[in-house]
Amino acid sequence: NGIYFPETRGISLSGQLVGKETGIPLPEAKVYLSIIGDKDILVVRTDSAGKFFFALPGYYGRKDIFLCAEDLPLITPEILIDNDFCTRRVTLPSLRFSLTEEERKTAYQLAVNFEISSLYRPAEKAADSSEEKPDVPFYGKPTEVLVMDKYIELPTLEEYFTELVVMVKIKKVQGKKQFRFLSTQPEMSIYDPLVLVDWVAIDTIGKILKMSPRDIERIELIDAPYVKGDITYGGIISFVSKKNDFAGIDLPTSGTFVNYKFLEACSDSVTNAPLPATIPDSRNTVYWNPTLQTDDQGTATVTFTAPDTPGKYTILLRKINHSGEIISAEKTFTVSPIPNP
């Protein structure tokens with residue numbers, strides 16, 4: 001009886017976090033999502049039923065996603081991902097689909113125009129979002145960067161924080177080692193820092209400290225409170241490996257990789273430029289402008305070339321006023337067939 005949220009802005013991913021040993025939902029627990037190759041993470045808290053929901057960025061094609069939960073004492077978290085679609089059998093009413101004779105002729109002409117356009121105007125290649133890797137991480141420019149090759153090699157990663165003069169030290173909190181920033185801001189001592197390895201959140205500090213310093217290229221530090229989603233962190237510590245392989249760390253046991261299919265890229269586009277005279281103008285949409293701006297008098301002028309296909313065309317104009325009300329107007333024009341010579 002899962003609740004399916006409407007996907008109004010793109011693809012989403014939801015699921016439930018439970019205890020692996022008991023199957024009992026885990027409320028108010030943090031769940032992290034990382035898109036491999038993207039220098040960003042998403043983080044949410046589960047609700048009272050252990051449910052979580054992510055609205056994913058507007059990427060296209062297939063991408064690898066890594067999901068993991070925070071480290072919880074005496075509990076092994078398990079992530080259960082919802083199905084994309086409801087698998088229960090449903091019976092939908094079958095509505096009769098019928099067209100008038102004029103609508104049939106119009107639909108046939110639209111199909112013919114589409115085939116002609118596909119022959120004379122090859123589809124443009126859609127942008128591949130897999131090539132659009134951000135150069136700057138989500139936290140922007142770090143406060144301090146610790147480049148490992150600039151220092152004498154030390155045997156363990158922990159010694160870099162104890163021997164070097166950096167703004168982060170390792171302290172024991174309730175018997176467990178934790179990273180803490182040396183700061184006078186009270187939030188920095190109240191909230192735990194966000195610790196990342198190749199932009200994947202890692203809560204187990206013991207695993208971090210077991211990484212070999214030889215596998216780390218740099219450590220980026222943000223020494224200020226940072227809000228991600230609705231969660232506040234006492235700074236950010238980001239480890240970047242030399243080979244982008246998580247420096248050989250054991251990823252969280254709750255973690256799971258998902259090869260997720262985002263939206264398909266749209267390769268069709270509407271061009272407002274006139275076509276060469278040697279190419280038949282068989283466009284079904286003659287003109288499209290989603291950002292038409294009016295002048296100080298509230299007027300705007302547009303021009304377009306009428307298509308070659310004879311028939312009646314409708315001009316639809318919509319605007320949104322200052323009150324958010326949608327106002328529309330329609331006007332029709334006719335393209336007459338060219339008389340035979």
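Is alanine 247 buried or exposed? Alanine 247 counts as buried, since its relative accessibility is 5%, where buried means under 20% relative accessible area, exposed means over 50%, and partly exposed lies in between (1.4 Å probe, protein chains only). This is a predicted model, in which local features need pLDDT of at least 70 and side-chain atom pairs count only at pLDDT 80 or more, while totals for chains, interfaces and linings use all residues. Residues are numbered from 1 along each chain as its sequence is written, and side-chain values use heavy atoms, with hydrogens and water left out.

- Alanine 247 lies in the loop between β15 (236-241) and β16, the strands being DSSP runs of E with at least two residues, numbered from the N terminus.
- Although alanine 247 is not a glycine, it has a positive phi of about 55°.
- Tryptophan 199, in the loop between β10 (194-197) and β11 (200-201), is another residue other than glycine with a positive phi, here near 65°.
- Tryptophan 199 counts as buried, because its relative accessibility is 7%.

**Arginine 180 and its surroundings**

- Arginine 180 is found in strand β9, which covers residues 176-181, and it is buried, with a relative accessible area of 11%.
- The side chain of arginine 180 makes a polar contact of 2.7 Å with the side chain of aspartate 192; a polar contact is a pair of N or O atoms within 3.5 Å, of which, within protein, one must be able to donate a hydrogen and the other to accept it, and residues adjacent in sequence count only if both atoms are side-chain atoms.
- When residues up to four places away in sequence are not counted, the residues that arginine 180 touches include Met167, Val173, Tyr191, Asp192 and Pro193, contact meaning heavy atoms within 4.5 Å.

- Strand β2 (residues 30-35) and strand β3 (residues 41-45) run antiparallel and are joined by 5 bridges, where two strands pair if DSSP finds at least two bridges between them.
- Valine 31 stands opposite valine 44 in β3.
- The hairpin formed by β2 and β3 has 5 residues between the strands, and glycine 37 in the turn has a positive phi of about 95°.

**Phenylalanine 304**

- Phenylalanine 304 lies in the loop between β16 (256-261) and β17 (311-320).
- With a relative accessible area of 33%, phenylalanine 304 is partly exposed.

Notes
Helices (H or I, at least four residues) and strands (E, at least two) are DSSP runs, numbered from the N terminus.
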